[in-house]
Amino acid sequence: MLDRDTHDGAVRFGPLAESLGLLLRLSQLHSFHDFYTALERHHVRPGEISILMMIRENPGIRQGVLASALMIKRAHMAKMARRLEDAGLIERRVPPDDRRAMELRLTAQGELRAAEMTPDLEAHEARNFGGLTPEEAATLRTLLRKYLALDAPKED
């Protein structure tokens, strides 16, 4: 007969409780669960909304630059951009100074879609930090931006 421990549902993580990779991955899964609930009516994936919002903030951004900023493989970015273009949300244009590049802009439909999703995205983001005080949430964002070597956000 096997000796089996009984647990009350609590799991000990041991040294993994200090693992940045594990903590980030579990945080991502937690965030994505709420994301899909919050934005379900928009039928959008996290990567797609990231691309739309980044293009919105950076009209004319080159596809390769965006792929690099979001750490998306170029081939995968090309497929996602094609899907968004086919859906009428973005337009891709070859710039005159570099025939190998592709500039991305939101279409009028893409602008409208991004605007429609923004309130649900903002509500989702507010819930992401539900267990933290506003000061703790700000500190976490600051530390993650520092960890990722991202520029500080522009103040309005």
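## Aromatic pairs

Two aromatic pairs turn up in a search of the whole structure; rings of Phe, Tyr and Trp (its six-membered ring) pair if their centres lie within 6.5 Å. Planes under 30 degrees apart count as stacked, over 60 as edge-to-face and the rest as tilted. This is a predicted model: local features need pLDDT of at least 70, side-chain atom pairs count only at pLDDT 80 or more, and totals for chains, interfaces and linings use all residues. Residues are numbered from 1 along each chain as its sequence is written, and side-chain values use heavy atoms, without hydrogens and water.

Phe32 and Tyr36 have ring centres 6.3 Å apart and planes at 85 degrees, so they pair edge-to-face. Both lie in helix α1, four residues apart, about one turn of the helix. Helices are DSSP runs (H or I, at least four residues) and strands likewise (E, at least two), numbered from the N terminus. Phe35 and Tyr36 are also edge-to-face, at 5.5 Å centre to centre and 90 degrees between the planes. Ring pairs link Phe32, Phe35 and Tyr36 into a cluster.

## Exposure of the cluster

Phe35 is buried, at 4% relative accessible area. Phe32 is partly exposed at 29%, as is Tyr36 at 42%. Buried means under 20% relative accessible area, exposed over 50%, partly exposed in between (1.4 Å probe, protein chains only).

## Nonpolar core

The largest nonpolar core has 24 residues. Such a core joins buried Ala, Val, Leu, Ile, Met, Phe, Trp, Tyr and Cys residues through side-chain atoms within 4.5 Å. Helix α2 gives the most to this core, with five residues. Buried residues of α2 include Ile49, Ile51, Leu52 and Ile55.
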